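Walk me through this structure, chain by chain and contact by contact.

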Amino acid sequence: MKRILAVGLVIIFSLSAVGCSPIENNLDKRLIIQGIGIDLEADEYKITVMYMDTADPVGEGDVKSSFAEGSGLSVLDALTDTANKTGREPLYGQCAFIVLGGGLIKNGISEPLEFFTDYYEFHPNINIFSSESSADKVMRAENMSVRLMQDFADTEASTGKTISSTLNEVYAALSSGRTSAVTSLIDIKDKKIFVNGAAAFDGDKAGAILSSEQCMATLLLCGDAKSVWDIFQSDEGGNINYSLSGCKSKINVSTSGGIEFDIAVNTHASAYGTESSARLESKIKSRIKTLCESTIEQLLKKKRLDVFNLERTLYSKDYGYYKTLENPKQAVVLSRVNVITDIELQR
Amino acid sequence: MGIRNKISASQLFCLLLLSRGVLSVACGAFSGSGDIGSAALSAVIALIISILLSIPVLYLSKSGTEPLQNGAGRVISGIYALYFFYSVCITMTMFTVLRAETTGLRISIIAVPLIMTAAALYGSYKGIEAIARCGALILFAVVAAFVLLCLSLLSKSDILNLPPVGSYKLSDIITNTVIMVGEQSCIPAIIFIYTHVKGNVKKSVVLWLIVLFVCIFALSLFISSVLGDYALTQFFPVYSWARLSSFGVLQRLDSLFLAVWTAGVFVRLALLFWVISVCVRYAISNTVSKLAPPVFGIFALIIAVAAPFNSAIREAMLNTGVLLFATAFCCLILPAVLIIKRRLGK
Amino acid sequence: MGILDFSFNKKQKKQSDEQHCEPLLYCELEKNISYMKSRFGGSADFTVRRLLLSDSTDAAIITMEGMSNKESIALSITNPIMEFNFKKHSENKIDLIESRVLSASEIVRVIDFSQAFTLVMSGFTLFLVDGCDIALAIGVQGFSFRGISESETDVVQRGSREGFSEPLRINMTLVRRRLKTPDLRFESMQIGTDTKTDIALCYLDSAVSKDILDELKRRLKAVPLKNILAAGYLVPFLDRKGDLSLFSGVGVTERPDTVCGKISEGRIAVLIDGTPSVLIVPYLFVENFQTIDDYSNRAYFASLTRILKYIAFFVAVFTPGMYVAVACYNPELFPQGILNKVASSVAQTPFSVFTEILLIHFIYEIMREAGLRLPRPLGHAVSIVGALVLGETAVSSGLIGAPTLMVVAITAISSYVIPDLYPAVAVLRISFIVAGGVAGLFGITLLFCAVLINMCAKKSFGVPYMSPLSPFSFFGMRDTIIRAGWRVLAKRQSLIQNQKGSEAESEEE
């Protein structure tokens, strides 16, 4: 009886041994996609795909990449078109970044992002970048590489000059509607790309471009700043060069007599300057407060973009009051926001 | 003649925790049922209901399995066999759907369920002692994987992602509670495992329920804090949560975690097949009980393989109302009938 | 066993039964000698030395050439008998010779030919007297044997350099010298209808479980083999019937210190004449990772090496299969740099990853087997060929990829960390490669589960094979994955039959 069972199992196992088909599963027969750029031109999606070129012999240094293009009425059609042109089945599991071109960010990013969220091969921690130029130009820049794009994403943590986001973060912001999605902004000059601030979205369309200082201020206000450095001119002449670390922020909301947010920013600073510690500390404190307040004024009041998690805080901490609001977004825009900064200078 | 192959109460605890826990984790007790944060509240309610459901089962089990082996008891044993077969179908369907939706169909759709069924049947053939020992080791691996997951995702959690309690919809709470209670097929299984356990079974069962739902409670809050509203778009939020984990250069470890959870599903299926063989032994005979698991396994395999392609089968298997009714029937009605029968017999 | 097997065994049994029916010794010396000559069929090593006692009674000394010490025969047997005055004594000659003439320390009375043959072929010298139907077998063995030397399979850094030898008596003394307690017992048995191999069950009476001992004796008595030429012949009969496991519940060692350590924990050692390998029962999975060096080194280092062994075991078993599974189905698990190398190597080689790995493994196994059987002078040639062919030429010619070769190399090195488990590791490795190729990580997981449940179901003489991992015993873990210090180990000794889940334990409850 046992032998019959064992033989039966072996036969079943052998018959189901279809997965090891040598052709289908060979890595070299697959298009290993490293990054995708998406443009929208005349209601048609244009995809530029960067893939790992395994045809060349193994060498030293960076991975050699090649490009392929495709277009279609939907992202899926465009990707299928790209794959058909190369004759290989795409492997999206290694895709590290997506660049949203200028045309796309103006017209709406929810449809392509929905596709990437739903399709199982794309991982939710893919870095999303925006660009005011076309994604194709960005992808074909001279210095484009996966490592560079990863470095761009890490800029948030190292300098605070941009705000990087992953697919799940952007999509969560779009679907909840309680916060504005933000992505890193890639600029191109002399065929070379560099990170230059961030793009904030109003709904799923680009609403505003954040400068480096605005990015820094936003990170400080949200409590997401890991390491920030800045330089500004002192009133007495000369520059003050400082860096911030261990940044924390706390948002308190009070709803008696209208909505009022108190954002307390607490951080350690290291500075280089000729002045005394007390003066430096005071100047840095003033600088940060000014930056934060002007960023809030620009983005929240003028552009109506809540990138500071104010509405989310209201929703989370005072749901009862939130429920009573007809237009919470409007209420937050019209709210009073106070910034309190507390800096501890270490020299 | 006493039963020789006995497992300890702590082994029973590990077996039940793994068997039930992996269903919530791998296949998702909160699949597509609204805000995952509300699952935390559902867990509390489900705990109370589960403890209540386990009372008649434990009371019946104390008196041994004789009521199940005579007269009407044999019919009831047959009904239990069908119930556990239904549980097997649900587990395999959910696992196949999870696999199809998260890893695609590069691996043949039939290969994995087939190997899973064969392995689980082999495990059931080895007996409850082997399943319990194996389960204890696999539980350790699953817990270790979870701890690693939680550590890697701790930095990604944001308290603002947690929805306020007031925002929980009653319909979501009820749906999640129904799912959690409906999946408690391990409670009626205790009737058939009881005589094979040495030690304090009641304590073990109560502890299992408490630990299980505390874990579900904590897990749902943690997942909610990491995924936020992104979880609303995911059919398997636990898997989506695991996809965010990374350790330095090692990223995209979800497939590894899925493999570990697969081991947990194996233990569950092996246990269910073993319980089916015991039920059939009480209902019919020892010889037929040896054939019952492979026969049931083949049917379950067919259903599981067809489910990703046939929405009718999929909906039938994932119908939470039917599942709840079946579980409540097996936890309350059938034990009550047997208890009354025993009392009348005296 | 099939029907044919059963018939064949029945015939063999009948033949061996007929062979075992030897008659009792005759009173007439000539009859005894001629019977023995006819049974040995004129074998060249069968020697008869006739004597005439002082009272003119015929006698004979029978030996097998080369088995007895001629000098001892002369000093202990021939000279004393020739010099003794039998005329003055009227008692039974055999009694007289046994008690007053012979100076040997070991004398056995023999009444039938079966016993006589066994003893003569074990190196005893048979002394027959005309008119007596009892013979005396005198222990004057003098056959050549390999001296006590270090075991080549059980190598340690700090332990004793003595290893078991082929003669059973020598091995018994090696154990006795180390355990100077009267509780140490040796129980002799004979198995093998043709070879009549002497075996000795060695245990501590104060520690052993009587149930395990009885079960062992029962299984040994049921061994149907004619020839026992190596320890491995007995292993399948000592494992539980129908046990289809890759792992064995019987341990093998060539070290006396290891045997003493094991029997102190209630285990039983089976010493077999003619082989230096000693079998130990019961034997658990975790013991494969324990060596005597662990107890000689400091606890922290011993723990580190233990953990390394466990890691090496998992690396040896899983690495190739995982590599195939990840390369075929989950390439996103590779970091970018590694994926580039793997994809490039796959692009440049004609075979798929799955085929490549299997191919290299088979070539490696062939080379390993060749290296074992080759004479030493040729061993260098094999290593050169292996290094050049596999290491250099195959990769540079593009037949095999470098990452694949690296994986196989790591696997091979890891598998030698636990040589006892090599057979199981080799088979499991191939199985996991196939499972990974067929069903990716799912296939590997499910195969692992099947193997694990097989190991969990296994018992070695009633003791769960996976103890103390599962059923978990906190007390047992002090000498499993880590090795606790001697102060902790010395507090309480663990006996094998008291492991959680063992049948002896459950029966006591």
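B:R20 and B:E183 are both buried, where buried means under 20% relative accessible area, exposed over 50% and partly exposed in between, with a 1.4 Å probe and protein chains only. They form a salt bridge, with the closest N and O atoms 3.6 Å apart. The rule for a salt bridge asks for a side-chain nitrogen of Lys or Arg within 4 Å of a carboxyl oxygen of Asp or Glu. The two partners come from distant parts of the chain, 163 residues apart. B:R20 sits in helix α1 (residues 9–28) of chain B, and B:E183 in the loop between α7 (170–182) and α8 (186–193) of chain B. Helices (H or I, at least four residues) and strands (E, at least two) are DSSP runs, numbered from the N terminus.

A word on the basis. This is a predicted model, in which local features need pLDDT of at least 70 and side-chain atom pairs count only at pLDDT 80 or more, while totals for chains, interfaces and linings use all residues. Residues are numbered from 1 along each chain as its sequence is written, chains are lettered from A and ligands numbered from 1 in the order in which they are written, and side-chain values use heavy atoms, with hydrogens and water left out.

Over all chains, the search finds 45 salt bridges. One pairs C:D294 with C:K309 (3.9 Å, N to O). C:D294 belongs to helix α10 (residues 293–296) of chain C and C:K309 to helix α11 of chain C, 15 residues apart. Both C:D294 and C:K309 are buried. Elsewhere, salt bridges link C:E365, C:R368, C:E369, C:R373 and C:R429 in a network.

Now the interface of chain C and chain B. Contact here means heavy atoms within 4.5 Å. Chain C contributes 32 residues and chain B 36 residues. The buried area is about 2,800 Å², and carbon and sulfur atoms give 72% of it. Such an area is the accessible area (1.4 Å probe) that two parts lose on being put together, summed over both. In chain C, the residues losing the most area to chain B are C:F442, C:L446 and C:I453, together 26% of what that side buries.

The rule finds one salt bridge across this interface. Its partners are C:K459 and B:E129, at 3.6 Å, N to O. B:E129 lies in helix α6 (residues 128–153) of chain B and C:K459 in strand β11 (residues 459–460) of chain C, so the pair joins two chains. Both B:E129 and C:K459 are buried.

Helix α5 (residues 113–120) of chain C is mostly covered, with six of its eight residues buried. Its cover includes α2 (29–40), β2 (58–64) and β3 (107–110) of chain C. C:D112 caps the N-terminal end of α5(C), with a side-chain oxygen 2.9 Å from the backbone nitrogen of C:S114.

What of chain A? Its mean pLDDT is 87, and 90% of its residues reach 70 or more; pLDDT is the predictor's confidence in each residue, from 0 to 100. Over residues 19–23 of chain A the pLDDT is below 50. Chain A has twelve helices and 14 strands, and 52% of its 347 residues count as buried.

A:E121 occupies the loop between α4 (110–118) and β6 (127–131) of chain A. A:E121 is buried, at 10% relative accessible area. A polar atom of its side chain lies 2.8 Å from the backbone nitrogen of A:Y92. Among the residues that A:E121 touches are A:R30, A:P90 and B:R243.

Terms used: Polar contact = N/O pair within 3.5 Å; in protein donor to acceptor, adjacent residues only side chain to side chain. Lists of a residue's contacts leave out its neighbours within four places in sequence.
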